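Hi,

Here is the structure I said I'd pass on. Have a look at it first, and then read my notes below.

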Amino acid sequence: MLDHDRSRQAYLRRTALLLALPLMLTLCAPIANAGVTQDGAGSTPEAVWSDDYINHIFPWADEDDRILQFKEYHTYDTVKQRLQRIAEDHPDLFEFHEGMNGGTNARGEQTTADAYEGWYYGHASPWVKVTKDVQGGEYNEFVGDNGNYEDRPDVLIVGNHHAREWMSVQVPMMQIEVIAFSVDNIGYDNDGDGRVDEDGWGDTNGDGVLDDDGDCLALEASYQDSNGDGTPCGPGDLGVDEDYSEQWIVDLLENRELYIVPMLNVDGNIYDREVFCPAPAWESCPSGGWRKNLRDNTFTGVTPLPDLQEEVDEDCDGVDLNRNYQFEWGAPLGATGPLIPGTCSPAEGELDGSNNDVYNGPVDDRDNDGDGQINEDHVDGKDDDADGVTDEDWWGGNSEPETKFIQDLTEMNDDTGDGASEFKSTLTHHSYSELILWPWGHCTDCESPDHAQLEYHGQQMADMTQYANLQSSSLYPTSGDFCDWHYGVHGSYCYTSEIGTAFHQHEDDIDHIAVRNLGLGFYIAEIADNPRERADMAIDNITQQNYLKQPDAIDIPDEGDIPIDVCVSDDFPYSAANSVVKWRQVKPSRLQSDYGPREWATTPWETVPMEVVGGNACTTSNGNGTLLRAMIPVGETATGEVHYKAQLETLGGSDFQYPADGEYYVLAVSYRASYGSTFGALVMFLLVAGTVWGGLGTALRTMLTGDDDEKVILADALLEEAVDA
Amino acid sequence: MSGQSDEFSGRLGLIFATIGAAIGTGNIWRFPRMVGANGGGTFLIPWLIFLFVWSIPLVIAEFAMGKRSRTGTIGTFRIFTGKRFAWMGLWTAWISTAIGFYYAVVAGWCLKYFQLGITGGLTGDGVDTVQVWNEFLQAPGQVIFFQFIVVVLTLAAISRGAKAIEKVNVLLMTSLMVLLFLTMFMALSMDMNDGTLDGALFMFTVDTSMMFDPEIWINALSQSAWSASAGMGMAITYAVYMRKDEDTTLNAFVMGLANNSISIIAGLTVLSAIFAVEADPLATVTGGSSAITFLALPEVFAQAPGGNVGPFLMMTGFFLALSFAALTSMISTVELCVRNFVDHGYERTRSVWLTGAAIFLFGLPSAVLWVKLDAEGVAFPQFLEVQDHIWGYGLMFSGLFIAFTIWRYGFLKWRAQVEAGEADPGLTGYLNVGVSAFRDDYINTGENDLWIGRWWDLLLYLAFPVLFSILMLSYFGSMIANTEDVWNPLNPNGLGIILAFWGVVAALFISFNKYLVQRPVFRNVPEGAEVDISLLPGGSDELVVQVGEVAPGFEHLGQSDAA
């Protein structure tokens, strides 16, 4: 008996443990708290933002992938692999390329793909074409890209003309990462503060403060300068321009074609990294590095030029790619020799025979137009020889695979077939000096015809980065650079950013400097529709006069669609046909829990056209305006919120967003439909009640009377039970 | 106690107990929200259809299984699905118990509001219901006190077995109906003040343009699946106490239809009251369920006509009804767990105390942890919400396991007959023998007044898997689409946390299975009942014995109890 008792006890204990163990599980749940955002507006970064954000851990890659986390520099191989990977993952948005196919180019020359491959290592520049439905649109045989749409303005962004300017690779690479991540993460809370899209690039709300949401400014003073540049809450500091609108980026890609070339000078970059500046480069080359490409300038007398077998002659070889474009090529200022090919001549002040860092490439002594004369009409936009043809027999420039790639890409990417470049705005990243530069570069004390407009956009970008805004030649005159050629030959609004404070910026600084410059590529893409018109209207304060009516001014009718009004300045050349209102609904969510706060589900953005209600029908800050109206088809049974925003297009094709880029207004809507008719409700009631109560009665009756032994009726049974109870 | 079988005293006992299990807060606070958020009367059509397509067929299966196995969920799966699948019963019991942990807290809230109604804490001038709610939720002592009361009441009701459960349920359910009718008529009269019954109109008006909105159908299915307790194992548990000649099919219909009846009454009450008072009633009813119940309704009830009497009656009547609904569901939840302990040789009283203590202790975190304020400044218990998020969806799998059991039984029976040369080895044979096997052998046993036809097979074999997939895919799909960082198991609103907890629990239970089936199971068989299990996959298990018998190798268990 005792034995029995003991074994029974042991048995019960084991069984109890067995059955009760799962109960313990419920206690494991507190670990789940870690992911919950902390409440309260603290004065430390930890109190406001996620740890990932504070530590610059970006959401597009694993925490320990140092290159994709911008903790280590990209190399040629990693750039190429990453672009390929992104294109594979987002085939509807990115198309990967290396160089171009070639063919007959704009000046009648035959080229093949190898014309764009570096002299020394033989790689063509890797690049991506980015636009919505990139596999659609037209195919361009010369360039080899799909996704060419006549109605989408094109943008060219180029990094790393100069090999040692490593940050100029990182910034476009980050732009690509951001685009790829944004497509799948609209409404992402980049800084983990529980709010979404609250602080885009630049001063989006126009109050003169970059930190639009004020989260950085609310920190204790000791935390406000996280990047240590001496400016509290400046660009690149935590909490500044940190939560841009993914939706805006995605929308932009429906209307733009981006050509992003993060590493143009592959030869030079590899040489700088692997040979010239042994790692860590910021120690081995604190103030220098390899700048040019790897053209062989040394004349050996044995092999014809270029001498491919020869090792790089660091004193002589290479061409400065940003002096090799053809506009005003070789013109005097700053364009030092050697002008005679094959000779190595030292730069001014470098009498020891060290390399000539701004060598602009060999003179072209061919008769380019076949008229028997040589170099009689330099590329400068003028008909120098008065023969009726402009710029047809040039002195030089465009001699390098890399510059040929850019020139041919620019001239052959012609979606509209009008012979003009599609790139209405272009950006090239350089380093360093913290500047935004724009044409002209080749002349001092001169102004381009678009001086004011170029200066305006330059200032916008300078405000965004807190860099200095300068005409290029005010820094020092250059000839044959990327921007003079794009602006001078193709009228493209072209900007040069000089990023950061060193060629080989220390790797600890990659992430925050890249973040600081991230907005530039998006700004240049935004203005690509008509940069001149945009600048004109902004300078004259016209676009700022237009306004979208705020929610409290919206009159929700008892039935039908809801009218959304925009008041447009009389000075604004609107295109009613191309202007739209975009809207979406926020509805109660199906996932609503029974015990938690209200949860919402958001529908995708939809577009409705605008119609002109009438002139002088509304007032702007500068007088009467025209009222445009869109009717948004929100159901009468809808409850919740409607988000709306407007996109106004000019006759010149510029698009402007209201209330601002990436922002929208929130309108509360309530149930407007009638609650129903008495007759219909009565029928339905009878149907439902008949089914449920009728069914219940029948079932109970069958059950309680069907049994022969126990014929009781419901009421009796109830009574009996009640008495028992 | 476990030396003899235990059963309900009469038909109505069983009916009231099962109705009490089915009717809970889901009817009274979830249903009106679903009607509000899904187009009013439009919602009722799919909701009614799914009652017959989803809930009732599953309950029929549960009753049939429990009545034959005469054990709780673990024993039932062990007998019906096979020795290897006893863990499915453990899963079913666990999900129900895990829900019970926090459900006791929720039931406590209801009791608290009844008390507030009695003491007039919600009707005075300038009462801010948000403030009352926030203060209550942020006072751990208060929440725990009412949770404790609920647990004690539940234990008191069930400690003495089926007959006591039955009596308590009869009392509570009858009172609940009376109270609900009372508040419904008061709410209707409030709404009628302006000459129209807006709430009733809305609730019974079909908007044909929304009729085929998949969202509404999915929501109706979820309401049917979650509120009627189908597939939860409740019906299995209460079927254990069925008298030998009890009807399983009609009981299932009564349970389902009674559940929906109460939903309609509750819907009319809540919607009429809110439509009578609120300027934008639809915005109110589409808020969270607890927001409707504890924020909007007290405000609405306070405006009832009749001086102090009207508001007092509505407030106390409604919250008492709600408390009763929650209590009866609590009773079935605890009983489900207790039954499993008793099956495995535990004394009933001891099992009841063990389960009660666990429910109280493990419910404490839900009662007091992570009480947060939402964007509108309303408190909500996030720990409790996370528990609900994790285990609420787990219920669906309990239902799937029941369907799996039926599919498996049919397949095995067909295979056995093919081997014996009695059935056609082709598809025809399977359709003739296999598909209808469970229904032939365990539903249409001859004790039913209602014979179940081929339609039931169709629903279980075709409709169930399709609807199950739609429900899981649509919920998880929109969770994936709408939740940031959805796979991170640390995100309390994500899918990662659900899968992580399910994974751990399932892995644990599956590995426990072999220990579990080394224990004897004692079946609660009433005298003279026909409960042959020899044809079932677990029928040859010699450790499955009847109460009063001795399991081989476990002689000590039977003897000690008999002593």
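Let's begin in chain A, where strand S8 (residues 435-438) and strand S10 (residues 493-499) run antiparallel and are joined by three bridges. If you want one pair to click on, take Ile436(A), whose bridge partner in S10(A) is Ser497(A). Do keep in mind that this is a predicted model.

Those two strands belong to an open sheet of eight strands in chain A, and the pairing in it is mixed. Reading across, the order is S1-S2-S6-S5-S7-S10-S8-S9. At the edges you'll find strand S1 (94-98) and strand S9 (468-471) of chain A, each of which pairs on one side only. Ignoring direction, neighbouring strands of the sheet are turned by 20° against each other on average.

Now over to chain B, where I looked at how helix H18 (residues 395-419) meets two other helices.

One partner is helix H5 (residues 86-119) of chain B. The axes of H5(B) and H18(B) come within 9 Å and cross at roughly 150°. An angle over 145 degrees counts as roughly antiparallel, so that is how H5(B) and H18(B) lie to each other. H5(B) passes H18(B) in a left-handed crossing. On the H5(B) side, the contact is made by Met88(B), Trp91(B), Thr92(B) and Ile95(B), and on the H18(B) side by Leu395(B), Phe397(B), Ser398(B) and Phe401(B). Sorted by type, the residues of this contact are six nonpolar, two polar and no charged.

The other partner is helix H19 (residues 427-434) of chain B, which packs with H18(B) at an angle of about 120°, their axes 9 Å apart. H18(B) and H19(B) are therefore oblique to each other, and their crossing is right-handed. What meets what here? From H18(B) come Gly410(B), Phe411(B), Lys413(B), Trp414(B), Gln417(B) and Val418(B), and they meet Gly429(B), Tyr430(B), Val433(B) and Gly434(B) in H19(B). The residues of this contact divide into five nonpolar, four polar and one charged.

That's what I have for now.

Cheers

How values were computed. Residues numbered from 1 in each chain as written. Chains lettered and ligands numbered in written order. Predicted model: local features only at pLDDT ≥ 70, side-chain atom pairs only at ≥ 80, totals over all residues. Axes fitted to C-alpha atoms, helices over the stretch in contact; angles between N-to-C directions. Helix = DSSP H or I, 4+ residues; strand = E, 2+ residues; numbered from the N terminus. Parallel < 35°, antiparallel > 145°, perpendicular 65-115°, else oblique. Left-handed = near helix turned anticlockwise from the far one by under 90°. Contact = placed C-beta atoms within 7 Å. Nonpolar A, V, L, I, M, F, W, Y, C, P; charged D, E, K, R; others polar. Pairing = 2+ DSSP bridges.
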